There are 2 protein chains.
Amino acid sequence: MAPNPKHAVLDRLADIGAALAHRARLQILDLLAQAEQTVETIALKTNIPLKSTSAHLRVLREAGLATTRREGTFVVYRLADPEVHRLISAMLGIAERRSADVRDLTRRFFDDPDGAEPVTATELRRRLDRGEVTLIDVRPADEYQQAHIAGAHSVPLDTLARHSAELPRDRAVVAYCRGATCVLAATAVRRLRRAGFTAHLLRDGVPDWNRRGFPVVRQPHTTRVHP
Amino acid sequence: MAPNPKHAVLDRLADIGAALAHRARLQILDLLAQAEQTVETIALKTNIPLKSTSAHLRVLREAGLATTRREGTFVVYRLADPEVHRLISAMLGIAERRSADVRDLTRRFFDDPDGAEPVTATELRRRLDRGEVTLIDVRPADEYQQAHIAGAHSVPLDTLARHSAELPRDRAVVAYCRGATCVLAATAVRRLRRAGFTAHLLRDGVPDWNRRGFPVVRQPHTTRVHP
DNA sequence: CCAATATTCTAACGACTATTAGAATATGTC
DNA sequence: GACATATTCTAATAGTCGTTAGAATATTGG
């Protein structure tokens, strides 16, 4: 009620909190951490109706978590600050440490069917340097294009069946997607195993990998998002 | 609506966001990051009515951000995870980078009246090692007691007038309090200057200082909070 | 076991949020 | 300039949150 300066600052932080307080917006932020996107793409990928998507994006913009850029008739959204993704990972870390429910839920997705642990980032990096594994990025192609782990090949999940013939069978395949709340890579691993590959999962996404200081290939900002 | 496993995880994260979406709760978390506290202490220090405080604490507990411990008839709250404080600093960082308003607001509090910049943590540490400054912790005594910067003296703000006679006048005094959203230290600096001291402000609080890996003196958990 | 104290639970009000239909705006194309 | 397209704004409804009074619970000390 009394907006003293300290309260004013806290209220702005509370706005950020409020922006993080909805499933849909967290999903959108996770997407934006992968690549800048148009409203329509976001709506399609997240399965949120367009108008709701627009409304959620407005909240994110007003909280200072996202910004826009016009690209012709399209409006392209991106994270306002690279640190935003860290907020979500910090929340996930706390949730996993505190709540057995959340631990179980993420495990159910990410643990290998045969009970093997996902590959750690450090180990993957070592094996990549030695050329021991094939790393595939199973996100949609536009996300790969904007930023991917150095050395990864783009094999979007829906093209996996077609492209798996081209993958070398004499070494392990490691798949990754958007990170800890994304299930594309887990599905890919399951399918690859069924097809006879030695396949593993990397739980990290590009933003996590990048934050560890590991090499990421990034495309300069000038990209046209729609051709 | 359809609580698929991925949505279930996101909903738990959204609960954390919702818990961060209120001025009062951010204030409480900031307090808890300093020291564990009883409901009553929290209510007093934050000026939030007891019943509201209790309600907010319940939200924090249910989101997994705080936990309790009983101490006789008192219930003592503490952060459930040391990482929780990082969430708030990350939000503040984003807000300051994105919003000129927030920058101005925090500056108005923290910039020295004569326009000097606050002391940085690294510099303070160097000067402390050399014995060049007197470091005072102006938070309430119980917070100092539970954790303080190594080498700091406890001079709660309301005892400053009485104790300032004991401070050496031949070297600079540096004051700190809870961190970036706390104004005790800024007030202390202003008063010390008026009293003729060379006084500087440290913007960091104990949790920030600790996170940098700098030395903190911590009291083991067995403390009785009320004597 | 009773009283005293600290805290939480229950409930109810008003204030805010989510969703989404329909109108409005902005950009590009012909 | 008229038209098509992408997006946002306006508004209205249903649902959720904040606050706080009053009842209920838990612990300690007699």
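Student: What makes strand 4 of chain B, residues 133–137, largely enclosed by the rest of the structure?

Tutor: This is a predicted model, in which local features need pLDDT of at least 70, side-chain atom pairs count only at pLDDT 80 or more, and totals for chains, interfaces and linings use all residues. Residues are numbered from 1 along each chain as its sequence is written, chains are lettered from A and ligands numbered from 1 in the order in which they are written, and side-chain values use heavy atoms, with hydrogens and water left out. Strands are DSSP runs of E with at least two residues, helices runs of H or I with at least four, numbered from the N terminus. Buried means under 20% relative accessible area, exposed over 50%, partly exposed in between (1.4 Å probe, protein chains only). In strand 4 of chain B, 5 of the 5 residues are buried, so the strand is largely enclosed.

Student: How do you know that both faces of strand 4 of chain B are covered?

Tutor: Val133(B), Leu135(B) and Asp137(B) are buried on one side, Thr134(B) and Ile136(B) on the other.

Student: Why is strand 4 of chain B said to pair with strand 7 of chain B?

Tutor: Two strands pair if DSSP finds at least two bridges between them. Here there are 5 bridges, in the parallel sense, and Leu135(B) stands opposite Val174(B).

Student: How do you know that the span of helix 4 of chain A agrees with what it should be?

Tutor: The expected span is 1.5 Å times one less than the number of residues. For the 13 residues of helix 4 of chain A that gives 18 Å, and the end C-alpha atoms are 18 Å apart, so the two agree.
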